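Welcome! Let us take a friendly walk through this structure, one neighbourhood at a time.

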Amino acid sequence: IHARMIKVGLARHTFLGNRCLDLYACFGTTKDVLNLFDDIPGKNLISWNICLKGLLKCSDIRRARVMFDGMPQRDVISWNSMLSGYASNGFVDYALELFWEMQNAGVEPSDYTYSMVASFVSCSNYGRQIHARMIRSGMNAQNVVLGNSLIDMYGKLGLVDYTHRVFMTMEKVDIISWNSLISGLYNSCRSQCALEQFTTMLHIGQSPDEFTVSLMFTICCKLQQLEKGEQLFCLSTKMGFLSNAIVASAVIHLFSQCNRLENSVQFFDEVDEWDIALCNSMISSYIFHDCWETALDLFVLVLRKGLKPTEFTLSSVLGAVSLNLAEQGHQLHSLVVKSGLESDVVLASSLLDMYNGLGLLNSSMKIFLHMVARDLVSWNSMIMGLARNGKVVEALGLFMKLLQVGLPPDRITLYAVLQACTYGGLFAEGMATFSCMEEDYAIIPGEEHYTCVLNLLYQSGKLQEIVDVVEKMPCEPNYEVWDWMLWLCSLSGDLELMEEVVARMIEVEPQSSVPYLVLAREYEMRGRWEGIVRIRMAMKEKGVRRTIGYSLIGINNHVFTFKGDQLQHHGGIDVLSLL
């Protein structure tokens, strides 16, 4: 088309040149856009705006800004284009600066301007200022698009009260308004309130869409509201939403998280056509329920069906392999490299966890050293892997390197350091790290840190100090802490304190058989048979089953489980005949 225009002498016509320039801005390169722009003799504001749009579409921010600054005149479209370019390329701070500059220049922002700026604001004060400017300029939440933008903005900022106020002042709301409100409540840890708003929405006759339903499945999962989730499943079936991959994935996740894996499997088997999102949900559900081999079998089927695994798929199956077979782990690592995803930070961290879990520290260290960008998760994975594999000195040395590069440690980092001290019996180093957590790193010790300290005190024979630490804990002790106290009561023979500790352990973990069995043994040693009868009756009433130990072994791409109460294991007849 451009060549024909040149041939007939119309290429230098401003209107036709702009139309051709718009085509290059959408489908051409930066060079094409600039060449044609230079060839238009009578450039108008539209020419400049189209050229600016073309440069921003090619992510050439530097040239776009030079052109923007050199424009003979600028309208609101010029400013909006530059704002959008900054925001879409991740330069949010520059976008906000430009927004304030725009108003100082006397250019009145449009509805689109405010809606766009509200979408990338990350500071509560800025959010309120933008809302105030909208009101002063005569724009308010009566505009549905602007109102929805404000609801979404306040929801992301966690300002739930403001979210409600904007929603209630809107004369007209649509499904996007409801979705933004419910999403904001959920993101602000107000899941129950979000569920109530969804019920209200249905009562006033507003029909949900696929996004609403998938979000509500997530909320039901969070609240462990299986009954509500089943009602939502029926509604989704009635409205034909189950054919949507995102909704179907949310259904699988709900059933899985509510301990109804069989329902997840049944629903997955009834799906006519697989996609990778659906398979990801099923694989992660299998892994959540410790069905690692089944998860790997499904992953193989995914590959055979020609579906391309995503970073999430590979990260999930790497987590399954970390507990089983090294050979499959190496194969998955090769697949990651073949897929060109080895530079992905999340996948690299999953590979670190896998190799650390298998005890292959040379492989994990090689990955760690070759990572282009190491985030704190990567450092934490490597420090924890070294600690748990007995490389205590190396773990502490890597922690020192972390401090040298200027990355501030988080609570997981310090937990890994304390674990290294625990495994290495480094009492002084561990207690020094624990003591300076709040002062040096602004981290309040949590239950996991106290558990490590109790372990260090036990190794040093400081029994009274264990009691003192538990009594002075700022947070409610978890199951592991009470387990330490139970062990201490066993040593001291304090039956009254042991009964109190057992009661607390049952509150924290009602289905754990350990406290019952330890107390029953103590009663048996003292000849208190009525106490043993009470414990057995309590276990029966509450459905508590005795914990059975097991071990795993991988042979020829299969994982075999050997439970402690089995008289006949896999291949037991052959084993006995050989013996």
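## Ser249 and its surroundings

A polar atom of the Ser249 side chain lies 2.8 Å from the backbone oxygen of Ala245. This is a polar contact, meaning a pair of N or O atoms within 3.5 Å; within protein, one must be able to donate a hydrogen and the other to accept it, and residues adjacent in sequence count only if both atoms are side-chain atoms. Ser249 is found in helix α16; helices here are DSSP runs of H or I with at least four residues, numbered from the N terminus. With a relative accessible area of 9%, Ser249 is buried (buried is under 20% relative accessible area, exposed over 50%, partly exposed in between, using a 1.4 Å probe and protein chains only). Leaving aside neighbours within four places in sequence, Ser249 is in contact with Ala277, Leu278 and Ser281, where contact means heavy atoms within 4.5 Å.

Please keep in mind that this is a predicted model, in which local features need pLDDT of at least 70 and side-chain atom pairs count only at pLDDT 80 or more, while totals for chains, interfaces and linings use all residues. Residues are numbered from 1 along each chain as its sequence is written, and side-chain values use heavy atoms, with hydrogens and water left out.

## Helix α18

Helix α18 covers residues 276–288. Its 13 residues reach 18 Å from the first C-alpha to the last, close to the 18 Å expected at 1.5 Å a residue (the expected span is 1.5 Å times one less than the number of residues). How is this helix placed within the structure? Because 10 of its 13 residues are buried, α18 is largely enclosed by the rest of the structure.

Among the buried residues of α18 are Leu278, Ser281 and Tyr286. The buried residues of this helix pack against α16 (245–257), α17 (261–270), α19 (292–304) and α20 (311–321). After α18 comes Asp290, whose phi is positive, near 65°.

## Aromatic rings

Rings of Phe, Tyr and Trp (its six-membered ring) pair if their centres lie within 6.5 Å; planes under 30 degrees apart count as stacked, over 60 as edge-to-face and the rest as tilted. By this rule the count comes to 15 aromatic pairs. Phe368 and Trp379 have ring centres 5.1 Å apart and planes at 85°, so they form an edge-to-face pair. Phe368 lies in helix α23 (residues 361–370) and Trp379 in helix α24 (residues 376–388), so the pair ties together parts 11 residues apart in sequence. Both Phe368 and Trp379 are buried.

For a charge to sit over a ring, NZ of Lys or CZ of Arg must be within 6 Å of the ring centre and within 35 degrees of the ring normal. The charged end of Lys305 likewise sits over the ring of Trp274, 5.0 Å from its centre.

## The largest nonpolar core

A nonpolar core is a set of buried Ala, Val, Leu, Ile, Met, Phe, Trp, Tyr and Cys residues joined through side-chain atoms within 4.5 Å. The largest one holds 167 residues, of which Leu21, Met82, Ile130, Phe217 and Met485 touch the most other members. Helix α31 gives the most to this core, with 8 residues. Not counting residues up to four places away in sequence, Met82 touches several residues, including Leu52, Ile61 and Phe68.

Key. Helices (H or I, at least four residues) and strands (E, at least two) are DSSP runs, numbered from the N terminus.
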